[in-house]
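Here is a short report on a single chain. Look at the sequence and the coordinates, then read on.

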Amino acid sequence: LFRSDPANHHVFVTHSTHVMVLDAETGATVGDIANTPRVHGVAVDAADNRGFTSNGGNNTVTIFDLKSFKTIGSAPVGDGPDAILFDDASGRVFAFNGESEDATAIDAKTGKVVGKVALGGGPEAGASDGAGMAYVNLEDDSMTVAFDTRTLKVTNRWALAPCEEPSAMAIDRAHARLFVGCRNKMMAVLDAKSGKVVTTLPIGQGVDAARFDPATQTAFSSNGEGTITVIHEDSPDRFRVVETVKTEPGARTMEEDPQTHRLYTATAILVPAEKSATNPRGRPQPKPGTFHLLMLGK
């Protein structure tokens, strides 16, 4: 997974046991965050100069300095942390735990666990509105859950039909629209106030990330088949696919720099693999030494 730090012009790329830190302009490696077993995601609190990684290997969140990349501390979370989100309204970091089906709330300044949110299903990607509400997909249930980031209470559960297996999410905060990428090759646009599905749009196969650029009113879906679907928001109720950009097979995670409007994704040469205890889905595995970063601009 990717996460950008526009203030410091860095991009974070997770790699199983560590996190690479790349220069956002050149793609050069400028740092590394070690000892993050089975790391999945990165969250950034720019105001407090802190970053956070979700580590599925030992059910922790690593806290690090955004400039030196040195580890500050860690916090225990639920079972199987995957996506992770910083909410600026509450000043909290939320680790979404797939196996315990909850979210652990961490005070970003102190690094202390302050509570949890029972989600009632395995969470995937999430987003916050900047005003005290957060949203997260329940992939197996094809639902989006809304919860209050201060009280840690679930306020709504919304069915996403005809969207199935939602795995990606982005938000247009100004117009209260959620962009939910679904594995049945569609993006559902959700009203974040009512939970109504405003519309659905076709996207590529194997979506794993979504982003929204408020300056250009554009949403992006990165798809494992090797494409990025580009969707323009003409108005809060009108959306259209404007382009399908070819990337490379396996490039299913993505980040966007809101200052440069550049997209980042990565892949490697993929080798077919059988299902196993460590690879239950039989996903193709990267060939060692072939990882590479793709940077896309307008």
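Glu165 is partly exposed, with a relative accessible area of 42%. The cut-offs: buried is under 20% relative accessible area, exposed is over 50%, and partly exposed lies in between (1.4 Å probe, protein chains only). Glu165 sits in the loop between E16 and E17. Helices (H or I, at least four residues) and strands (E, at least two) are DSSP runs, numbered from the N terminus. Glu165 is not a glycine, yet has a positive phi of about 55°. Most residues other than glycine have a negative phi, and most peptide bonds are trans.

Ser142 also goes against that pattern, with a positive phi of about 50° although it is not a glycine. Ser142 belongs to the loop between E14 and E15. With a relative accessible area of 17%, Ser142 is buried. A cis peptide bond runs from Ala161 to Pro162, with omega near 10°. Pro162 lies in the loop between strand E16 (154-159) and E17.

## Basis of the model

This is a predicted model: local features need pLDDT of at least 70, side-chain atom pairs count only at pLDDT 80 or more, and totals for chains, interfaces and linings use all residues. Residues are numbered from 1 along each chain as its sequence is written, and side-chain values use heavy atoms, with hydrogens and water left out.

## Overall fold

The chain has 0 helices and 29 strands. Its radius of gyration is 18 Å, close to the 19 Å of the globule rule for 298 residues, so the chain is as compact as a globular protein of that length. The radius is taken over C-alpha atoms; the rule is 2.2 Å times the number of residues to the power 0.38. Along its principal axes, the C-alpha trace spans about 45 × 45 × 40 Å. Of the 298 residues, 53% are buried.

## Negative patch

Which residues form a negative surface patch? Glu101, Asp140, Asp141, Glu164 and Glu165 do. Patch residues have over 30% relative accessible area and no salt bridge; like charges are joined within 9 Å, nonpolar side chains (Val, Leu, Ile, Met, Phe, Trp, Tyr) within 5 Å. Accessible areas come from the Shrake-Rupley method with a 1.4 Å probe, and for residues only the protein chains shown count as cover. Lys and Arg count as positive, Asp and Glu as negative; His and the chain ends are not counted. A charge is placed at NZ of Lys, CZ of Arg, CG of Asp or CD of Glu.

Asp140 is in the loop between strand E14 (133-138) and strand E15 (143-148). At 70% relative accessibility, Asp140 is exposed.

## Salt bridges

There are 11 salt bridges in the structure. Each is a side-chain nitrogen of Lys or Arg within 4 Å of a carboxyl oxygen of Asp or Glu. One of them joins Asp88 to Arg173, with the closest N and O atoms 3.0 Å apart. Asp88 lies in the loop between strand E9 (81-87) and strand E10 (92-97), Arg173 in the loop between strand E17 (166-172) and strand E18 (177-182), so the pair ties together parts 85 residues apart in sequence. Asp88 is partly exposed at 43%, and Arg173 is partly exposed at 40%.

Arg183 pairs with Glu139, closest N and O atoms 3.7 Å apart. Arg183 also pairs with Asp208, at 3.1 Å. Asp208 sits in strand E21 (residues 207-213), 25 residues from Arg183. Asp208 is buried at 15% relative accessible area, and Arg183 is buried at 18%. Bridges with shared partners join Glu139, Arg183, Asp208 and Arg252 into one network.
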